[in-house]
Amino acid sequence: MAIPHRARFPAGSPELEWVLTDDGSRTLRHRVLDETFHSGCGALSETLVVYLDHSGVAERLHTGRATRVLEYGLGTCTALLLTAALAEACRVPLVYTALELHLVSGDLVRGLGLVERIQQADLSECWPKAVPTWLTDHCFDALAPLQAELAHWIDQLPPKPTGLLPRITSCQLGPQTTLELWQGDAQGFPTQQKVDQDREPVDAVYFDPFSPESCPELWTPAVYSTAFQALRPGGSLVSYCVKGTVRREISSVGFQTERLAGPAGGKREVLRAVRPQ
């Protein structure tokens, strides 16, 4: 099936441009890789359904349970901002660790248009089946100040030093939300885990790097094993990618995989992989 034409407009970067996705939300396209950061069928829908809902993170926050998330591929920061907004609305502590090699600018975070889209959208239309109980009229009210704080914090970061070692920084995005940013190659994450014996297991992994074709170094059993070890028993890894080779390799490191319905109007199936109890 041919990919439909979607409006594109400048993002103020030679490598990136904005794309208007089918649900009215924006994502970025990497011109060199010819890859978008989210599904063209709907960046907002994909983030809400695949990551917040299918991971169990939204339900955890809605029921008052402190939560830890590890994201591979921070991208436009959409998943971070929506997860943080829900944590703030529920008044539940959230620790969010993000692995990103190429951090977007503060101006790109401001230009995301996410607040405006949330205010205009009927979010109940994102789900292929029943709307989850955690979705309320006010669950993303904290989005605007979080987006402003994140953009300001990124603006204040000094240039990342060259070299192989990652730069690890943290900030308090809101009263409930702590962000830990790992700026570097995600393949180096196990080294830090071995050094930091106090790192607590996470409740969910948002696995959202570019596709296996564009970013094969992150779609490997070694990386899946790291994610498995980072999760608590019963925790979930979720991803937009449901390819058979990916499912088999993820299963090979100990995960139990399943295919779930994707967002309405988007991919028919997406992936959830659970670390057994």
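The axes of helix H3 (residues 78-90) and helix H6 (residues 143-156) come within 9 Å of each other and cross at roughly 130 degrees. H3 is therefore oblique to H6. The model described here is a predicted one.

**Helix H3 with helix H6**

- The crossing of H3 and H6 is right-handed.
- On the H3 side, the contact is made by Leu80, Leu81, Leu82, Ala84, Ala85 and Glu88.
- On the H6 side, the residues in the contact are Leu143, Leu146, Gln147 and Leu150.
- Sorted by class, the contact of H3 with H6 comprises eight nonpolar residues, one polar residue and one charged residue.

**Helix H1 with helix H3**

- Helix H3 also meets helix H1 (residues 43-53), and the axes of H1 and H3 come within 10 Å and cross at roughly 65 degrees.
- The crossing of H1 and H3 is right-handed.
- H1 contributes Leu44, Thr47, Leu48 and Leu52 to this contact, while H3 contributes Thr78, Ala79, Leu82, Thr83 and Leu86.
- Six nonpolar and three polar residues make up the contact of H1 with H3, with no charged residues.
- Leu82 of H3 takes part in the contact with H1 and in the contact with H6.

**Aromatic pairs**

- Eleven aromatic pairs are present in the structure.
- One of the aromatic pairs is formed by Tyr72 and Phe207, whose ring centres lie 5.1 Å apart.
- The planes of Tyr72 and Phe207 stand at 50 degrees to each other, and the pair is classed as tilted.
- This pair links distant parts of the chain, with Tyr72 in strand E5 (residues 67-72) and Phe207 in strand E9 (residues 202-207), 135 residues apart.

**The surroundings of Arg117**

- Arg117 is located in helix H5 (residues 114-120).
- Leaving aside residues up to four places away in sequence, Arg117 touches Asp23, Gly24, Ser25 and Leu44.
- Arg117 and Gly24 are 93 residues apart in sequence, yet their C-alpha atoms are 7.0 Å apart in space.
- The side chain of Arg117 reaches the backbone oxygen of Asp23 at a distance of 2.5 Å.
- Leu44, touched by Arg117, is also one of the H1 residues in the contact with H3.

Methods. Residues are numbered from 1 along each chain as its sequence is written. This is a predicted model: local features need pLDDT of at least 70, side-chain atom pairs count only at pLDDT 80 or more; totals for chains, interfaces and linings use all residues. Side-chain values use heavy atoms; hydrogens and water are left out. Helices (H or I, at least four residues) and strands (E, at least two) are DSSP runs, numbered from the N terminus. Contact means heavy atoms within 4.5 Å. A polar contact is a pair of N or O atoms within 3.5 Å; within protein, one must be able to donate a hydrogen and the other to accept it, and residues adjacent in sequence count only if both atoms are side-chain atoms. Axes are lines fitted to C-alpha atoms, for helices over the stretch in contact, and angles run from 0 to 180 degrees between N-to-C directions. Angles under 35 degrees count as roughly parallel, over 145 as roughly antiparallel, 65 to 115 as roughly perpendicular and the rest as oblique. A crossing is left-handed if the near helix is turned anticlockwise from the far one by less than a right angle, and right-handed if clockwise. Ala, Val, Leu, Ile, Met, Phe, Trp, Tyr, Cys and Pro count as nonpolar, Asp, Glu, Lys and Arg as charged, and the others, Gly among them, as polar. Rings of Phe, Tyr and Trp (its six-membered ring) pair if their centres lie within 6.5 Å; planes under 30 degrees apart count as stacked, over 60 as edge-to-face and the rest as tilted.
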